[in-house]
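Here is a set of questions and answers on one protein model. Look it over before reading on.

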Amino acid sequence: MRRGEADRFWEKVVKGPRPQDCWIWTGAVADDGYGRFWVARDGEQRALRPQRYAYEHFTGETLHSGVALMHVCDVPLCVHASAGGETHLLPGTQALNMLDRSQKGRHANASTFRWRGVGRAQFRAQSVELRSALLEYGWNEPIIRPLLAGIDPQAPTLF
Ligand SMILES: [Zn+2]
């Protein structure tokens, strides 16, 4: 049963072409701008956060409910987790260390500009826009890249 669940999960994920790209959840998006993945647990339907599901899937770790999982890429629909390799998802303190580095310019990711510091409604609108574009066009670079970064890809990089 769990195997079918994982298949169902990955069918809803669109991966960028480069190893460092985001993997975007294209299933349900909640009011907070984050995804929701519905699963059956103990005979009930439960909504899981796709990024936590992906993280647990790859690392084999169980995240306790009190542990925050943070996006180092700042894209709320991203589920790019891995065990040891390129990852955009890190629990609490590890993520803070990474963000600290990114603020010092050592972690190249232009998405920060678009997703950081926007309000909740805007956050959700951006997530839905990104999801719709992926469902309609797939990972089409000229369309998707600006939706992740929020800047004209022809424009000079700000950071
Ligand atoms: Zn990402």
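Buried means under 20% relative accessible area, exposed over 50%, and partly exposed in between, with a 1.4 Å probe and protein chains only. This is a predicted model: local features need pLDDT of at least 70, side-chain atom pairs count only at pLDDT 80 or more, and totals for chains, interfaces and linings use all residues. Residues are numbered from 1 along each chain as its sequence is written, and side-chain values use heavy atoms, with hydrogens and water left out.

Q: Is H88 buried or exposed?
A: The relative accessible area of H88 is 2%. Buried means under 20%, so H88 counts as buried.

Q: Which residues coordinate the zinc ion?
A: Donors are N, O and S atoms within 2.8 Å of the metal (3.2 Å for Na, K and Ca); water is not among the atoms, so sites may look incomplete. The zinc ion has its donors at 2.0 to 2.3 Å. They are C22 (SG), C73 (SG), C78 (SG) and H88 (ND1).

Q: What is the arrangement of the four donor atoms around the zinc ion?
A: Four donors count as tetrahedral if all angles lie between 85 and 135 degrees. The angles here are 106 to 112 degrees, so the arrangement is tetrahedral.

Q: Which residues is F9 in contact with, leaving aside its neighbours within four places in sequence?
A: Contact means heavy atoms within 4.5 Å. With those neighbours left aside, the residues in contact with F9 are W25, F37, P50, Y53, A54 and V79.

Notes. Four donors count as tetrahedral if all angles lie between 85 and 135 degrees; four count as square planar and six as octahedral if opposite donors are over 155 degrees apart and all others between 65 and 115; anything else is irregular.
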